[in-house]
Amino acid sequence: NPRPPTTGRSSSVQSNTATLPTSLVLSVDPTNQATLYTTTGVRVKEFNMLHETPVTHVATTISHDEHMLLTHADDGALRVFSVRVRLARLSREEKTARRASLEEKVSQYLGVTPNISVTFDKQLKLPRREDDDT
């Protein structure tokens, strides 16, 4: 069925739905505890980098739905983490309660906090160079 033509002053549709962050900010403290923030400063995820010595370097790469995080520590250990950013889903109980509610329903995607997961993928160990005196 074709849509009927719109009547009124404006035919543009404005979306009030929350969007997923396109950028994240990473902070790593001296104990290798990492925190991910949105660019507006909202803390969205905390995790441990799993290194035995302090992290000295961090690199990132982005694909369409997954960020890769590469960390390097003082002892030569490289770790690769996958960072996935998705919309948070309601649990089965929350969905059932929502259906049974007689209150006015508001979209579950308005103001939703993103579901961010960080998964350790692999570790590599780089040998120390002979001219490295640290």
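Arg89 is exposed, with a relative accessible area of 77%; here exposed means over 50% relative accessible area, buried means under 20%, and partly exposed covers the range in between, using a 1.4 Å probe and protein chains only. The areas come from the Shrake-Rupley method with a 1.4 Å probe, and for residues only the protein chains shown count as cover. Arg89 sits in the loop between strand E6 (77-87) and helix H1 (92-100). Together with Arg92, Lys95 and Arg99, Arg89 forms a positive surface patch. Patch members have over 30% relative accessible area and no salt bridge, with like charges joined within 9 Å and nonpolar side chains (Val, Leu, Ile, Met, Phe, Trp, Tyr) within 5 Å. Lys and Arg count as positive and Asp and Glu as negative, while His and the chain ends are not counted. Each charge is placed at NZ of Lys, CZ of Arg, CG of Asp or CD of Glu.

A word on the model itself: it is predicted, local features need pLDDT of at least 70, side-chain atom pairs count only at pLDDT 80 or more, and totals for chains, interfaces and linings use all residues. Residues are numbered from 1 along each chain as its sequence is written, and side-chain values use heavy atoms, with hydrogens and water left out.

Now for the overall layout. The chain has one helix and seven strands, arranged from the N terminus as β-β-β-β-β-β-α-β. Helices (H or I, at least four residues) and strands (E, at least two) are DSSP runs, numbered from the N terminus. Of the 134 residues of the chain, 21% count as buried.

One of the buried residues is Thr71, whose relative accessible area is 1%. Thr71 belongs to strand E5 (residues 66-73), and its side chain makes a polar contact with the side chain of His51 at 2.6 Å. Such a contact is a pair of N or O atoms within 3.5 Å; within protein, one must be able to donate a hydrogen and the other to accept it, and residues adjacent in sequence count only if both atoms are side-chain atoms.

How many salt bridges does the structure hold? There are two, each defined by a side-chain nitrogen of Lys or Arg within 4 Å of a carboxyl oxygen of Asp or Glu. Here they are with the accessibility of each partner:

| Arg43 and Glu46 | 2.7 Å | Arg43: 54%, exposed | Glu46: 43%, partly exposed |

Lys122 and Val80 are 42 residues apart in sequence, yet their C-alpha atoms are 5.4 Å apart in space.

Are they buried or exposed? Asn32, in the loop between strand E1 (24-28) and strand E2 (33-38), is buried, with a relative accessible area of 3%. Leu50, in the loop between strand E3 (43-48) and strand E4 (55-62), counts as partly exposed at 42% relative accessibility.
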